[in-house]
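Please read these notes with the model open beside you. They go through it point by point, starting from a single residue.

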Amino acid sequence: MQAIRALLFLGAAQCLGPWDAEAQDPVWSPDVANIIYSNCSGCHHGGGIGPFTMMSFSDVASNALEVRNHVSTRHMPPWPADPEYRRFAHERVLSQ
């Protein structure tokens with residue numbers, strides 16, 4: 001759930017602007033960057049299969065609404081297997 005909250009924050013931050021941010025909102029480096037680098041940047045890098053790069057805050061922030069929509073609907077990261085049925089090594093799912 002923390003992962004999704006952090007990614008949803010990116011979409012909300014783009015819409016709301018800096019004046020609505022609270023002190024408890026996730027911060028890129030300690031909260032969000034590790035999630036992005038662990039789950040997204042493997043495909044979303046220059047020359048990668050992802051349609052845009054996700055190697056920096058500005059890369060992710062400029063695509064925040066698309067990231068939020070794809071993560072909240074569980075289209076990303078792509079993992080067609082049902083983790084409730086069976087677990088696999090190196091699976092690509094975000095925690096609740």
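1. Start with Asp31. Leaving aside its neighbours within four places in sequence, Asp31 is in contact with Asp25 and Pro26, where contact means heavy atoms within 4.5 Å. The side chain of Asp31 also reaches the backbone nitrogen of Val27 at 2.6 Å. Asp31 lies in helix H2 and is partly exposed, with a relative accessible area of 29%. Buried means under 20% relative accessible area, exposed over 50%, and partly exposed in between, with a 1.4 Å probe and protein chains only.

2. A word on the source. This is a predicted model, in which local features need pLDDT of at least 70 and side-chain atom pairs count only at pLDDT 80 or more, while totals for chains, interfaces and linings use all residues. Residues are numbered from 1 along each chain as its sequence is written, and side-chain values use heavy atoms, with hydrogens and water left out.

3. The overall make-up is four helices and zero strands, so that the pattern along the sequence reads α-α-α-α. Helices (H or I, at least four residues) and strands (E, at least two) are DSSP runs, numbered from the N terminus. Of the 96 residues in the protein, 30% are buried. The protein exposes about 6,400 Å², and carbon and sulfur atoms supply 57% of that area; accessible areas come from the Shrake-Rupley method with a 1.4 Å probe, and for residues only the protein chains shown count as cover. Among contacts between residues at least 6 apart in sequence, 44% join residues at least 24 apart.

4. Which residues of H2 are buried? In this helix, residues 28–39, they are Trp28, Val32, Ala33, Ile35, Ile36 and Asn39. They lie on the same side of H2, because they cover an arc of only 160° around the axis. The arc is that of the directions from the helix axis to the C-beta atoms. The face turned away from this buried side carries the exposed residues Ser29, Pro30 and Asn34. An α-helix has 3.6 residues a turn, so residues three or four places apart point the same way.

5. Just after H4, Arg74 takes a positive phi of about 65°, although Arg74 is not a glycine. Arg74 is partly exposed, with a relative accessible area of 36%.

6. The largest nonpolar core has 12 residues: Trp28, Val32, Ala33, Ile35, Ile36, Cys40, Phe52, Met54, Val60, Val67, Val71 and Leu94. H2 and H4 each supply at least two residues of this core, and H2 gives the most, with five residues. A nonpolar core is a set of buried Ala, Val, Leu, Ile, Met, Phe, Trp, Tyr and Cys residues joined through side-chain atoms within 4.5 Å.

7. How many disulfides are there? The count comes to zero, a disulfide being a pair of cysteine sulfur atoms within 2.5 Å. Cys40 is in no disulfide, and the nearest cysteine sulfur, that of Cys43, is 9.0 Å away. That distance is too far for a bond. Cys40 counts as buried at 13% relative accessibility, whereas Cys43 is partly exposed at 30%.

8. The loop between H2 and helix H3 (57–61) holds His44. Is His44 buried or exposed? His44 counts as buried, because its relative accessibility is 9%. Not counting residues up to four places away in sequence, His44 touches Gly50, Pro51, Phe52, Thr53, Met54 and Met55. Gly42 lies in the loop between H2 and H3 too, but counts as exposed at 53% relative accessibility. Gly42 and Thr53 are 11 residues apart in sequence and 9.7 Å apart in space, C-alpha to C-alpha.

9. Last, Asn63 lies in the loop between H3 and H4. The side chain of Asn63 reaches the backbone oxygen of Asp59 at 3.0 Å. Not counting residues up to four places away in sequence, Asn63 touches Phe52 and Thr53.

Methods
Polar contact = N/O pair within 3.5 Å; in protein donor to acceptor, adjacent residues only side chain to side chain.
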